[in-house]
Amino acid sequence: MDLKRLFLPCSLLSLLAGPAAAQQMAATAMASAEPSAEPSAEGIEFFEKKIRPALVKHCYECHSTEGGKVKGGLLLDTREGSLVGGDSGPAVVPHQPQESLLLTAIHYEDGDLEMPPKYRLDDAVIADFEAWIAMGAPDPREKATTGKTPQLYTNTIDLEKGREHWAYQTPQKPAVPAVADPAWGRNAIDAYVAEGHAKAGVTPAPDADPRSLLRRLSFDLTGLPPAPEEVERFVSAYAENADSALGETVARLLASEHYGERWGRHWLDVARYAESSGKEVNATYPYAWRYRDYVIDAFNADKPFDRFLVEQIAGDLLPAESEAQRAEQLVATGFLALGTKSLNEQNSRQFRFDLVDEQIDTMSQAFLATTAACARCHDHKFDPIPMSDYYALAGIFLSSETLYGTPNGQQSRRATDLIDLPAAAKALPSLSLGEILDLEYQRDVLNETAEDLQAKAAEARRKGDDDAQRFVGRILFTRTQLGVVEGKLLEYTKEGSPRRLAMGMRESGEPFDSQILIRGEEENATEERVPRGFLQVVKTGDEKPIPADESGRLQLAEWMASPENPLTARVLANRVWLWLFGEGLVPTVDNFGTTGEKPSHPELLDYLAVRLVELDWSVKDLIREITASRTYRMAATFDAADYEKDPENRSLWRARPRRLDAESLRDATLAVSGGLEAGRPEGSVVAKAGVGFIGRTIPEATFDVEMPHRSIYLPIVRGAVPESLALFDFSDPSLTAGKREITTVPSQALYLMNSPFLVKAAEDFAKQLYGDRGLRGADLAREAFYRAFSRPPTEAEGAETKAFIEQFLAAAKAEGMPEDEARLLALTSFCQSLLASAEFRYLN
Amino acid sequence: MNPTLLTRRQSLQTLSSGFGYLAFSALSTMAAEKAANPLAPRQPHFTPRAKRVIFLSMQGGPSHVDTFDHKPLLTRDAGKPAPRGNAGLLGSPFEFKAHGESGLMMSSLFPHLAAHADDLCLINSMNTDLPNHPQATTQMHTGNFQFVRPSLGAWTLYGLGTENDSLPGFITLAPPNGAQNYGSAFLPAVYQGTPVGREVRNRFARGGDQSPVSNLANPKLSPELQRVQLDFVNGLNRAKLAQDQHHPEVEGVIESFELAFRMQDEVPRVLDLAGEPESVKKLYGIDGEATGAFARQCLSARRLAEAGVRFIQINHGNWDHHRNLKDGLEQNCAEIDQPIAGLIADLKQRDLLKDTLIVWAGEFGRTPHGQSSNGRDHNNKGYSIWMAGGGVKGGMRYGSTDDYGYQAVEDRMHIHDWHATMLHLMGLDHERLTYRYAGRDFRLTDVHGTVAKGLLA
């Protein structure tokens, strides 16, 4: 008999038992809580003689305040406790032996509910309990003397059973299945996919044409369209030798700096990267961009993912061979510091627990696709994560210090220092001594003003002046300004040299274990502390103990990055698949728990996870292997019969037609119109705006800027994401979002028709072709189509283009527009049409 | 008549009959009986009581025992150990009083709304499957928390079409994150909700005077020239669609461009609140510090309803009161009370309330026992919403929870029942409103749902 299984949480029990049973259970719980009439003397005598001794002897050890345990939330040492019952429902329902779970348990009839756990009571004792309940369960006992409801925590999770879930099984490299048509496959991946085709009764689509394939590869690996000359080159090379043409192109694209800008951006979605605190106060994070650059560089350098993981969780604790490496590892820990924060929280303990919660939530979803933060207030309702596991993790982060900056000011009271990076890191331009003195002067004036106002307010209040209140706003305003100036001064030395600052983590000095907070309430801590540790459901076998004088972040990171961790490699392999195919093998990419979806191809997912580890966690190598498959090469060709069988394309019978994401759409628009600046801008718009509060000391419009750089470099301020991204389903950067949603709404059409960005891009595009290149007529149309769609226009499209220009010119003439102006406008309008068309932003 | 309008209409006709749906009809999974225009108004299954919906969505789980579910025993037993959980019962800090001729019990948080008590149909017996925000929110909007399914507004639009072809038929004002909540899933993209305006997260942020819809005019092209351009874009898109054979998203793109083109005229006219008389603005509380933002949304909703939009959703957040229940509720209710009351009064004086269904709902309620010293945890087993207008009985309380408000006990109303009832009010039989996909007929209510006849007027 497993003790823990007995006390399923109520809600889980209700799921198992069905709503009717749960309803009844709760209804009886309600009924039993009602006070009943005074017990009779005979009843009390029966209780004292027969029942109390039995309770003390057989039950109190686990179910009494004095025994120190409240297993399953059940107390049997008071009348109230018996009536109210535990997590499973009321133990005793007077006059209702059938309803009383206590009887069910002692009868040993229900395999899930047998008490006491180690032996069955004598029949005579059981009969006594039956008689007692039938007579109305008379019970003279008063409420527990403490007067306080007991607040002990008991674990309700069965870990062994939980480990049976597919995601916690160690991935095994499965035998490559034999397939009917061996000629179709190009590598092992295809064998698994072909097996799936056979099962689903679908026929794989033919290979994509080389133009579509190159376009797909270019966008998938770099987020940019291929240049027209690349298309020509690829088409002829592909005709000669498809495999080598493909392999060489993949190698070229992976070597491009644009690869990191594309794949780094994917990771930034997972890492909920943003440059402000969000929530109520929304203060800037002027140094967040360092983490962004770190991520781009890590992907470009193909940093092994296990290393990438460890650096983000515990980079500050790793040895470094150089100052530059040390700086890089410190910046990596920005991952944990970038989250949203309620800077206006008044209770510092509450703030701390919320901060830690955000870190646990992000980290567990990002690396483990596990919603560990669900276990903050109670055991996880669906996954095998007891509440104690949550607090084991919490202890690790509570023993660390999170440094994120932000100024103090009105409603903002949680400022921290930042990390000083070694001199190898990039720095802001210096300030002159004069500028520093000026800031110091501002600070002093604001300080004096604030003090002055405070004195006046106090005076007014003393006089009972109703106006005292009107000073409050001014004081707060002044303090906010002061916070911003102080924040700026913090960024420089007294001489005006910039401090090289970053957001991130450090050890707090005195590590400690966390208490469990009942219902997640900081004021409701248990006495009991949970040793710092990891999720118990995942045993890697190579876990290292957490030394008493360390937070445990390093050991946590190593546990996640262990090749024996069944989640980490699978979760990443699934993300890589999503980033190449537009859908994960597990569609719920951030949730591999029991409420997530199951993998469409479990063996393939296992294979990829094992391969990833074999490839030393090289993401580029995994990409090479996947893109070499026939599966990746399939066309998006529609087939009615296959669609009928599998409209979601989970069996991968064709390539999924995909819309470009917001960044690719914007970047491709710039690239095609010749306006894209390839390099990396220094810092960020947010860094230039500096410390402050968005909407208060810094206008929101500051961040709706246009710049010629790739979209990953646009400012990402929570609540003020640039329109070019927000309209096309950029994820809310407040939460981990491994997958974007897709909407098709008229506001997107309005943007493509009318926005200054598109209008300017179209003008640049037209000027390049018409002015710079001197193209005319069919030549111009051909070049434009090539740039936008990687193909020449069809004959019909050529004719339609011509007809469009003529119609446009006629209409413009009717409006009295001069011929030259009309012609350029017509060409511009033509170019914009290509950029706004569906073909431009849908990949086949 | 303006000749360009004729051209537009003609072009719309060619557009909607000439492509796409032909491809659709070749598929047996697609309903073959496609109307020429998928958004044209359609006959419901039976005579509707409501022609349109204004859905006031309260994100976070508003506490029912502090607003619309009066629980005297909870007040009496405050501080005693709760029958569930191991915290004490938390009495409501707000006083309940009877209002209107009906004597509907409402807490002191809604002084303005209380004046309309006789129009409200309180549903005290709501319940939903899970006490987690994301799942419960998705279930409230789509009926299903596990899979991606069309939203209530999308189903409504699919069932009824819309009255104004120059505005989206389903508009959601300043929605929070989560496009699934206004998505169309496997229904054609044209039934998707259109978000208008951004969620205002930062309470200190200023600058609410901007138009909620941007890019409404082209800086270079006259409408005539833009029409020529749009026809060309449509040609390109149609060619792609023909090439791809079946591509619902591209069909959605084509439709969204046509709609966007017409919105350029219509949106500025409909969403410009400047022309509203001062008395009306005052009624909604447009100049109020607390009420301003929500008042603008409510007044916009009325104007959209008048203009023929079928389904309008207004969103309000921050109802997740694990802590700070008293102040938090006071602030939230101060923001929405007057604007909602203004909306009801305004619709009534225009004789629109009778066929406009107003719904106020959060994704779940909160526990009768406390959390922290001044907060409540999530409770999905019993909570309250209300409806008004459009064929519901006013001044009525439908269903109830147990003595403390833990769970619905009488006339229990699950999300599916509520959805079935709303569709019924709009003249739609939830068992007949189906869409064939992946070899199955899908419904908003899956295989569940019972219309709550007891609350129909």
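**Exercise 1. Work out what share of chain A is buried, and how the chain is built.**

Start with the cut-off: a residue is buried if 20 or more other C-beta atoms, placed from the backbone, lie within 10 Å of its own. By that count, 51% of the 844 residues in chain A are buried. Next, the secondary structure: chain A has 37 helices and nine strands, taken as DSSP runs (helices H or I, at least four residues; strands E, at least two) numbered from the N terminus.

A word on the model: it is predicted, local features need pLDDT of at least 70, side-chain atom pairs count only at 80 or more, and totals for chains, interfaces and linings use all residues. Residues are numbered from 1 along each chain as its sequence is written, with chains lettered from A and ligands numbered from 1 in the order written.

**Exercise 2. Find which helix of chain B gives the most to the side that touches chain A.**

First, count the contact: 70 residues come from chain B and 64 residues from chain A, with two residues in contact if their C-beta atoms, placed from the backbone, lie within 7 Å. Then list the suppliers of at least two residues each on the chain B side: strand 6 (194-196), helix 7 (223-244) and helix 8 (248-271). Helix 7 gives the most, with 12 residues.

**Exercise 3. Locate where pLDDT stays under 50 in chain B.**

pLDDT is the predictor's confidence in each residue, from 0 to 100. Chain B averages 88. Even so, residues 1-35 of chain B fall below 50, and residues 200-209 of chain B stay under 50 too.

Methods. A residue is buried if 20 or more other C-beta atoms lie within 10 Å of its own, exposed if 12 or fewer, and partly exposed in between; C-beta atoms are placed from the backbone.
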